[in-house]
Amino acid sequence: MKNSGAFPLNFNSELKLKGFKAYEVGGNATGHNYSRKDFYKISLTSGKFLFHYADRSFETDETILFFGNPHIPYSCEIIKPSPDGYACLFTEDFLKLGDLTESLLQSPLFKIGGTPILALNKVQKKSITPIFQRMIAEQDSNYAFKDELIRNYLSLIVHEALKLQPTEKISKNKNAAQRITSVFLELLERQFPIESAERPLELRTAQDFASQLAVHVNHLNSSVKEVTGKPTTAHIAERIISEAKALLQHTDWNIADIAYALGFEYPTYFNNFFKKKTGHVPKSIRAAV
């Protein structure tokens, strides 16, 4: 079973506003996958999971501490649901306010070459669990310096994790092509929906995605074609067209703003791309609404 990672709208709004949210993980272990591209994640859960992270997979059947980086795509297949757990999501800006960005986000726990999953024994779980509980309690308090205190809790979790031996259970159940395709599609989807014309699409070419995934572009292309039957560029183009139609139909942005948001330097480039892929010009889609 693959976890969708969906959260209620008020949860998303609160997280975007405050930059931090801690919560308890329920019986279905919801929350390992998180599609919002702005948020880092740390979670403490027990159960059996198969994580696909960058070009590797990790299979776990124990209590784990997971570190998610929004710049590195990951997905999780739930094999045996977790009975309980905790998680927190936070923005880079939230950490920057406390000058903790360097020490936390530059740790090997959040880097593409590092290990994002750590196995915990009963003693380690018992020591880390109260930190999550204190963060949950503190976020709803009236203490004037609670954000600073929460940042200290985050730092404490990271430092406790850095003292542990990393888990390196690399799964052999899926071949390399399936793994890289899974995380490519996750990374592609993570860029959407486009919410502001001031934040244009960053990854638009196969080379862009290959660089983000730290693999050779030829390896990415052959893997995606082998698994899906379609080249990498086709997936990218289809998703851009889909988003373009949504923006044309459901926003009042002008064509130039939509073109820029989707990564096109000039509106004419967007018009030509859209017509080539759909047979229509963008204005005709908007006029049909």
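1. Contact here means heavy atoms within 4.5 Å. With that cut-off, and leaving out residues up to four places away in sequence, L220 touches I180, F184, A206, F209, A210, L213, V215 and T232. Note that the model is predicted.

2. L220 also matters for the core count. The largest nonpolar core has 36 residues. L220, L262 and F270 have the most contacts inside this core.

3. Which helices each supply at least two residues of this core? They are α6, α7 (206–213), α8 (217–228), α9, α10 (255–261) and α11 (267–278). The largest share comes from α9, with seven residues.

4. Now the pairing of α6 with α9. Helix α6 spans residues 176–190, and helix α9 spans residues 232–250. Their axes come within 11 Å and cross at roughly 25°. Angles under 35 degrees count as roughly parallel, so α6 is roughly parallel to α9. The crossing of α6 past α9 is right-handed.

5. Which residues make the contact between these helices? From α6 come F184, L185, L188 and E189. From α9 come T232, H235, I236 and R239. By class, the contact has four nonpolar, two polar and two charged residues.

6. Two residues link these points. F184 of α6 and T232 of α9 take part in the helix contact, and L220 touches both F184 and T232.

Notes: Residues numbered from 1 in each chain as written. Predicted model: local features only at pLDDT ≥ 70, side-chain atom pairs only at ≥ 80, totals over all residues. Heavy atoms only, no water. Axes fitted to C-alpha atoms, helices over the stretch in contact; angles between N-to-C directions. Helix = DSSP H or I, 4+ residues; strand = E, 2+ residues; numbered from the N terminus. Parallel < 35°, antiparallel > 145°, perpendicular 65-115°, else oblique. Left-handed = near helix turned anticlockwise from the far one by under 90°. Nonpolar A, V, L, I, M, F, W, Y, C, P; charged D, E, K, R; others polar. Core = buried A, V, L, I, M, F, W, Y, C linked by side-chain atoms within 4.5 Å. Buried < 20%, exposed > 50% of the residue type's maximum accessible area, 1.4 Å probe, protein only.
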